[in-house]
Amino acid sequence: FGVSDPGFHVDGDLNLVPLRDLLHSEPVLFIRGLSAHADDLAQVDIIGTPGRSAATLGVSRTSVLLKSSGSREQIFRMTGPGADQDPKGLFTIDMNSGTVSVSRSVDREASDSYQLEVSTTDYSGNLIEGPQVFRIKVIDQNDNRPIFKEPRYTGEVLEGSPTGTTVMTMTAFDADDPNTDNAVLRYNIVKQSPDKPSPNMFYIDAERGDIVTVIAPTLLDRETLPTTTYELEIVAKDMAGSEVGLTGTATATITITDKNDHAPEFTHPLFEAHVYEGSTGVVVNLTVDDRDDPATAAWRAMYSIISGDPIQSFEIQTNPDNNEGMLSVVKPLNYEASEFLSLLIRVENEDPLVPDVGYGPSSTATVHVRVEDINEGPVFFPDPLIVTRMENIPVGSFVASLNATDPDILEKQSIRYAVLQDPAGWLSVNPVRGTVNTSASLDRESPYVYDNKYTAVFIATDNGTPPATGTGTLIIHLEDYNDNAPYVLPSVARVCEDAYDVTVAVVGGWDKDLPPNAAPFKIELGKQPDLDKTWKVTRVNSTHSQIMLLRSLKKDNYQLPLLITDSGVPPLSNNTEVKVQVCICNKNRMHCSSAHSHHARFLVPLATLLLTLLCKYHRN
């Protein structure tokens, strides 16, 4: 037993007795009784001795009697939080007797003490005594259970971890007085589920709440445990864990995480695959077993080809859903080159193995690949075939000889040729020999010719079952022939009617042919008499000449005949005309005639024109 006033004690007969003569004491004594199974408090009111200037009340009873030193008739008054301030009315005082009472339940966790002031007045309100400080201390009762911060805790521990490895920490809170055993907590594991291989795989530090492993590292094997997840029911008890303590519970879920302590192993030492020559894609799925945690880097497989694929015709990708190795052909195989291939495959994990584990013979496997023969289409060589020919060669001329061979060298098959694409319709091919000849004139200036090249496509078909085909391209580089007469631009010029000895225009020669069948051009006046008395043509460079007016002309439109000749062998000439508009010029403006051109003085004799046309036709 303990007494709040050191002048008193509880004797062996459980009597409260003073230890000495006392002149004064606290008006209230508190006696605490403590045993191994109980902790309680009792209040004793002391009557007959004057109290000290400040009184302290420990609330476990409902009232206390205050006395005044005055002898006059008086009224007790009390002020402060809990009386006339919030929480109002918690404590009341009898105005006549001075008895202080608790009107409703008090909660130490809301407020552990109250400080009030008590005074006495006469009936007229005159102060007689006070105010005197009156302190009320709320003594804690164990009325709050421990509460965990979370209802469910999660933690992880790596398989094979040493005994004593900390997994997680459980933490509970008790709202009672931390200076008493009411808030002193002790932790305990009351249940482990499942309880195999041992019901005590984990231990919790009673005071700190740390959960640690107690199972041997060799038994903490994720692949042999009945489950990878364990649930612990944790109890936190106050009163330092005594039987009368209040409890709170929570669940701890512990996951045994994986480490790469198992190498992947092929399910079979030998796999077989069949693939048609010339095809690509997946040919076989390689299956492996790995006892590590699926969907982790310790389980995910990586495959590689150790030998048997010198030209990288194969590749292996891992199927993310089932960890199988998908062996694919990425470069078509040739039956005639090899009917059978043997590949050696290795499998590893993305994560390295732990130091004491290695890859064994089961981490390699052999794949036998049999290539199936198919009827392959003929192959042109070279492809494309490029030849050079002169345009306008005679119809029926030889152009090229196609060469297509059948890859199926183990079979004797014949090949026939045909035209597949001939945009201009200029070519024909012998179906047996593959010789290509012209069936129309080749024209370099045709819109079907690009960059002097004409492209045609041919098809070759064998007599296999079923027949197979192949295509080849023929590109004809066309050399130029002087088959296009030149012409003059621009075709219209203007000059003022009073002008003479002036340049009317600079005209240029143009030709669809290529050098040397084009420039330099010779541009001269037509053959009409007396033209040179009015006009003069002078060469500027290899492609251009200037036209000069030698004497003034009246306002009119005139057609000036010109003769232009290219440098081809033989050369081609063209009679052309330039329309010259003679205009009235004033204030920087030209007023020209819109009537038809004046032909009278520039007409070319009919005989000359016919002769020129006949000569041109004969050359073509």
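Biologist: How many bridges join strand S43 to S46?

Modeller: In this predicted model, strand S43 covers residues 522-525, and Leu-525 stands opposite Leu-562 in S46. The strands S43 and S46 run antiparallel. The number of bridges that join them is four.

Biologist: Which residue in S47 stands opposite Asp-556?

Modeller: Strand S47 comprises residues 573-586. Ten bridges join S46 to S47, and the two strands run antiparallel. Opposite Asp-556 stands Val-582.

Biologist: Are the residues of strand S46 mostly buried or exposed?

Modeller: A residue counts as buried when its relative accessible area is under 20%. In a regular strand the side chains alternate between the two faces of the sheet. From S46, Asp-556, Tyr-558, Leu-560, Leu-562 and Ile-564 point one way, while Asn-557, Gln-559, Pro-561, Leu-563 and Thr-565 point the other way. Of the ten residues of S46 (556-565), ten are buried.

Biologist: Which residue in S28 is the bridge partner of Leu-286?

Modeller: Strand S28 consists of residues 325-329. S24 and S28 pair in the antiparallel sense over five bridges. In S28, the partner of Leu-286 is Gly-325.

Biologist: Which strand gives the largest share of the lining of the largest cavity?

Modeller: Rolling a probe the size of a water molecule over the atoms shows where empty space is left. The structure holds one cavity of 30 Å³ or more, and the largest cavity has a volume of about 40 Å³. Its lining includes Phe-380, Leu-402, Gly-472, Thr-473 and Leu-474. The largest share, three residues, comes from strand S39 (residues 469-479).

Biologist: How many residues of the lining of the largest cavity are charged?

Modeller: Among the lining residues are Phe-381, Pro-382, Leu-385 and Asn-403. The lining divides into six nonpolar and three polar residues. The number of charged residues is none.

Biologist: How far apart do the C-alpha centres of domain 1 and domain 4 lie?

Modeller: The domain assignment of the protein chain includes domain 1 (2-45) and domain 4 (265-372). The distance between their C-alpha centres is 88 Å.

Methods: Residues numbered from 1 in each chain as written. Predicted model: local features only at pLDDT ≥ 70, side-chain atom pairs only at ≥ 80, totals over all residues. Heavy atoms only, no water. 1 Å grid on protein atoms, 1.4 Å probe; cavity = no way out; pocket = protein on both sides within 12 Å on 5 of 7 lines; lining within 4 Å. Points joined across faces, edges and corners; volume = space filled by probe spheres on them. Nonpolar A, V, L, I, M, F, W, Y, C, P; charged D, E, K, R; others polar. Pairing = 2+ DSSP bridges. Domains from an automatic or database assignment. Buried < 20%, exposed > 50% of the residue type's maximum accessible area, 1.4 Å probe, protein only.
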